[in-house]
Amino acid sequence: MMTEENIKHWKSKGISVNDGASNEKIENLEKQIDFNFPEDFIFFYRSLNGFKDRDWTPNLFSLFPIDRIKEEYEHKQNENNFVPICEYLISSHHLGYIKGKKGIFKDYQQFEKICDNLIELMTLIEEDSDKIY
């Protein structure tokens, strides 16, 4: 999978990343928000637990650590069963999962599926694809 490539790429851009999350931390989040993350998310987050200190990519995306995913989920008040994992331009819009649906969605005025999995999302962010805006 691409995790090591992502980490090297982001570090080369000066982005601070967190060390991977433990299985226990991921499982606790799943219980707290009543959502089972896909395998690619779990694999990825074991290697990299989001960005440190709300750091950003050059195109202004921030990947949330586990604790922030919980905070943002609670802030959204669960009304749409949306689990945000990333934001653009300090909450202009979020990217994440919708409970009961497959894929990654953009939450901007309405929900729109943008890709099938987290690895594809990381590629779209690195390529600065129009799909993520």
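Buried means under 20% relative accessible area, exposed over 50%, and partly exposed in between, with a 1.4 Å probe and protein chains only. The model is predicted, so local features need pLDDT of at least 70 and side-chain atom pairs count only at pLDDT 80 or more, while totals for chains, interfaces and linings use all residues. Residues are numbered from 1 along each chain as its sequence is written, and side-chain values use heavy atoms, with hydrogens and water left out.

Ser91 is not a glycine, yet its phi is positive, about 70°. Ser91 sits in the loop between strand 4 (82-88) and strand 5 (93-98); helices (H or I, at least four residues) and strands (E, at least two) are DSSP runs numbered from the N terminus. With a relative accessible area of 38%, Ser91 is partly exposed. Asp128, also not a glycine, has a positive phi of about 60°. Asp128 belongs to the segment after helix 5 (118-127) and is partly exposed at 40% relative accessible area.

Next come the rings. Those of Phe, Tyr and Trp (its six-membered ring) pair if their centres lie within 6.5 Å; planes under 30 degrees apart count as stacked, over 60 as edge-to-face and the rest as tilted. The count by this rule is 13 aromatic pairs. Phe37 and Phe41 form a stacked pair, 4.0 Å centre to centre with 15° between the planes, and both residues are buried. Phe41 is also stacked with Tyr45, at 4.1 Å and 20°. Phe41 and Tyr45 lie four residues apart in helix 3 (residues 39-47), about one turn of the helix, and both are buried. Ring pairs link Trp10, Phe35, Phe37, Phe41, Phe44, Tyr45, Phe51 and Tyr97 into a cluster.
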